[in-house]
Amino acid sequence: MAKKKLYKQYHHNNDKENDIDPLNESNSSSSPMNTSPTPSPTYKYGLWKCIGKGNFGDVYRAKDLTAGKFVAIKVINLDDSPDDVKQILREIHFLSRLSHANVIQYFESFTQHLNMFIVMEYCGGGSCSELIKYHKKLNEDIVSYIIKNVLLGLQYLHGERKVHRDIKAANVLLTENGDVKLGDFGVSGEMTFTKLKKNTFVGTPFWMAPEVIIKGKKASNNTLDEDDGYDYKADIWSTGITTIELVTGSPPLAQFDPLKILFEIPKKKPPILFGLSYSPNLKDFIRYCLLKDPDKRPSTKSLLHHHYITKQIPPAKAKEQLVQLIQMKILYNETNNVRYKPRFKLNSTVIDDNDQENVINWELTKTMATTILTEKNMESTTKSDINNKSSILFYCLERVYLRGKDEETRNSVEKLIQDIYKCEKENPGLCHALVEEIEKCVK
Amino acid sequence: MAFLFKRNPKTPFELIKTLNDSLLKLDYNDKKIQDDCTRYLKQLRIILHGEDDIEPQQDQIYNISQEIFQQDCLYHLIINLLKLDFDSRKDVFIIFSVLLRRNKEQQNQPPPPIVNYLLNSQPEILLILLRGPETHEIGIISGQILRECIKYETINKFILYNSLFWNFFNYVQIPIFELATDAMMTLNDLLTIHRKQVSEFLNDNYDKFVTTINNLIDSENYVTKRQSVKLLNDLNSSRANSKFINKYYDDTVNLKKTMRLLSENSKNLQLEGFHILKFFMANPKRSQKINDLLIKNKINFLIFLKNFDVESFHDPTLTDEKDFVLQEIERLPDRKE
């Protein structure tokens with residue numbers, strides 16, 4: 001059964017290969033109904049590498065083989081999620097309606113079996129939290145540059161009536177060129193709160209605004225952009241905490257147990273930054289962000305006029321410094337082989353073993369039984385007339401890649417795949433012929 | 001040198017007129033006209049919706065909406081939706097929702113004028129919106145506008161009884177994920193918001209509807225499958241639909257579909273299947289043909305129930321329901337060889 005599905009999958013891929021990417025499709029009049037039922041199969045993306053673990057699935061870096069660029073793909077098992085799929089879908093729709101230089105660009109989503117794949121812009125520079133893990137803390141100029149971009153991203157989101165709700169260094173992503181982008185909102189944010197409600201605590205409350213903790217219930221019920229009442233000022237508080245995190249290396253109160261500190265935050269005075277090493281502008285900026293009364297807390301618009309944001313070294317210069325820091329970190333990670341192990345095995349989930357299916361032999365009437373039988377026969381015919389065997393080759397190569405015992409082995413397989421891909425592009429049909437020959441030998 | 005700059009249209013009449021004129025000239029390649037449309041739309045959106053600290057003025061809204069209807073502005077916006085840029089399309093949505101949400105706060109108010117306009121003056125607008133999912137770029141925005149419109153019963157009825165409605169069962173299978181799931185949202189709203197009206201509709205169209213939704217449940221796509229069973233279960237648990245429900249639970253084809261759901265390897269699909277099975281078992285007027293099929297598969301149902309892990313859903317009522325179904329199945333006579 002698993003095999004059959006797989007072949008079918010590839011069969012669809014063949015149809016798709018000649019198509020234009022549905023998202024970049026400029027010719028809008030072409031009817032989408034004629035294309036295959038799997039728009040962007042996992043095969044379009046190759047060289048999967050886990051780059052992070054989410055609470056609900058892992059994040060991978062993968063290469064879009066048609067465009068030749070890297071993308072970030074979040075994989076969520078839909079059957080594991082206790083919530084209605086609707087909620088996840090709503091968020092994805094929202095993501096698809098966003099487009100801003102400081103917000104991670106959403107590309108597309110697709111499902112395969114029980115998994116949902118969300119394809120987004122890839123940020124090669126990693127998150128700001130990785131950056132401070134390596135550099136301990138960042139200088140004020142760079143932080144001013146980062147926070148300015150965070151505010152621009154937030155201004156856009158708030159204009160779209162969206163509250164990010166999870167601003168922290170770990171969600172501020174960087175490209176290798178030093179561009180700053182807000183990431184990981186929506187899907188994960190929504191689910192973080194849902195889980196919270198169900199007593200499995202995920203995430204940490206250090207960045208939470210006091211009113212969010214007090215009205216925690218309200219926050220968890222907000223699901224839609226249509227909700228007018230939700231207070232976007234919570235993001236401003238979190239931006240203040242993130243600023244402290246970036247210049248000092250950790251958010252305030254980080255030394256305490258997050259669960260114990262949770263209800264202390266609304267009772268305590270807002271954190272302040274002190275010490276001669278920080279400029280008065282920075283201290284003032286943080287004081288404004290961390291006003292306890294959300295109504296008094298300024299909006300992104302007025303914070304963008306704050307001297308800490310406007311009176312710093314030129315952005316280009318700060319960006320240049322940031323790029324250097326990013327490169328140092330990347331180099332360190334490469335030499336020290338920093339790797340993430342996925343929480344869920346991808347190869348087993350992407351191509352799901354469906355042998356379990358139909359373990360119950362239902363007694364059906366004759367007509368019903370015959371329809372099922374003919375359906376099965378049809379599947380096996382599609383199997384035999386696959387005309388493009390190249391997809392099998394790439395699939396196998398990817399399996400080999402995953403079997404590589406260390407980074408070096410995998411890297412050489414990766415190179416091999418790229419070479420073959422290049423060859424195939426130059427000589428279309430090459431892989432097909434290759435697989436055909438292998439088949440003959442095996443027979 | 002003020003004459004070097006285009007002046008902004010001042011009166012509501014002027015604004016709508018200039019907007020309409022620009023829309024007529026709209027062209028993919030003409031950046032200038034594009035920008036003009038974007039600007040006028042933004043101006044219109046601010047009058048209707050306000051911005052930052054500016055609250056919209058009721059009398060201004062009234063005046064401008066009069067002009068919008070008189071000059072058929074909504075029609076021009078909808079037929080040119082594709083040519084507008086990304087942000088302007090969002091403005092069109094906001095304009096529609098402000099017009100649709102007028103009078104909504106006060107109770108017992110007649111529906112806002114836009115409802116009558118859409119149904120009687122320019123029904124073409126709704127028909128274009130219904131075809132929205134056929135065009136990738138505007139599918140989602142059309143869906144959003146449509147879902148605002150069908151909050152009114154009269155519009156919902158107009159759509160349910162229009163042949164274009166049935167296209168949604170195809171749209172939900174469009175390979176482009178966002179479009180398909182957006183169409184599913186619209187389909188769901190169309191069938192669940194106005195319960196009474198839908199119940200009449202389901203009575204009138206039982207066969208066609210059940211065949212169509214059963215086809216969706218057979219889909220290979222997990223999301224389509226799960227959402228369509230969910231929709232069916234939602235309809236089947238609404239009291240208003242009792243006639244439909246009686247027919248549904250007396251059909252062996254539906255019981256077979258249920259059995260196939262029970263053998264899915266997704267626990268959520270099994271759960272949805274279980275919810276259908278539960279009603280089959282609870283039906284006091286179970287017919288002979290249903291009983292025969294149940295008896296034939298008694299052992300299979302018992303195997304399923306033995307392996308069906310209700311604990312993992314953390315729902316005590318579900319455990320009770322499982323016990324009930326198990327009891328009912330055990331009470332069935334054994335199969336005669």
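Over the ring of which residue does the charged end of K168(A) sit? Select K168(A) and W207(A): the charged end of the lysine is placed over the ring of W207(A), 5.3 Å from its centre. Keep in mind that this is a predicted model.

Pick R61(A) and F70(A). R61(A) lies over the face of F70(A), 4.1 Å from the ring centre.

Now colour chain A by secondary structure. It has 18 helices and eight strands. Of its 443 residues, 50% are buried.

An unreviewed UniProt entry places the feature "binding site" at K74(A). Is K74(A) buried or exposed? It is buried, because its relative accessible area is 11%, and the cut-off for buried is under 20%.

The largest nonpolar core has 178 residues. Select I146(A), L74(B), F96(B), I155(B) and L191(B), which touch the most other members. Helix α4 of chain A, residues 140-159, gives the most to this core, with 10 residues. Another core, of 11 residues, lies apart from it; Y45(A), C50(A), A62(A) and I73(A) are among them.

Zoom in on L191(B). Leaving out residues up to four places away in sequence, L191(B) touches L160(B), F165(B), V198(B), F201(B), F209(B), L231(B) and L235(B).

Now show the aromatic rings. Over all chains there are 24 aromatic pairs. Take F244(B) and Y248(B): their ring centres are 6.3 Å apart and their planes are at 25 degrees, so the pair is stacked. Along helix α15 of chain B, residues 242-248, they are four residues apart, so about one helical turn separates them. F244(B) is buried at 1% relative accessibility, and Y248(B) is buried with a relative accessible area of 1%.

Then select F304(B) and F308(B). This pair is stacked too, because the centres are 4.9 Å apart and the planes are at 25 degrees. F304(B) is buried at 3%, and F308(B) is buried at 3%.

Last stop: E328(B), in helix α20 of chain B, residues 316-331. E328(B) counts as buried because its relative accessibility is 12%. Beyond residues up to four places away in sequence, E328(B) touches M281(B) and R286(B).

Conventions:
Residues numbered from 1 in each chain as written. Chains lettered and ligands numbered in written order. Predicted model: local features only at pLDDT ≥ 70, side-chain atom pairs only at ≥ 80, totals over all residues. Heavy atoms only, no water. Helix = DSSP H or I, 4+ residues; strand = E, 2+ residues; numbered from the N terminus. Buried < 20%, exposed > 50% of the residue type's maximum accessible area, 1.4 Å probe, protein only. Contact = heavy atoms within 4.5 Å. UniProt positions renumbered as here; feature names shortened; annotations may be inferred. Core = buried A, V, L, I, M, F, W, Y, C linked by side-chain atoms within 4.5 Å. Phe/Tyr/Trp six-rings, centres within 6.5 Å; stacked < 30°, edge-to-face > 60°. Lys NZ or Arg CZ within 6 Å of the ring centre and 35° of its normal.
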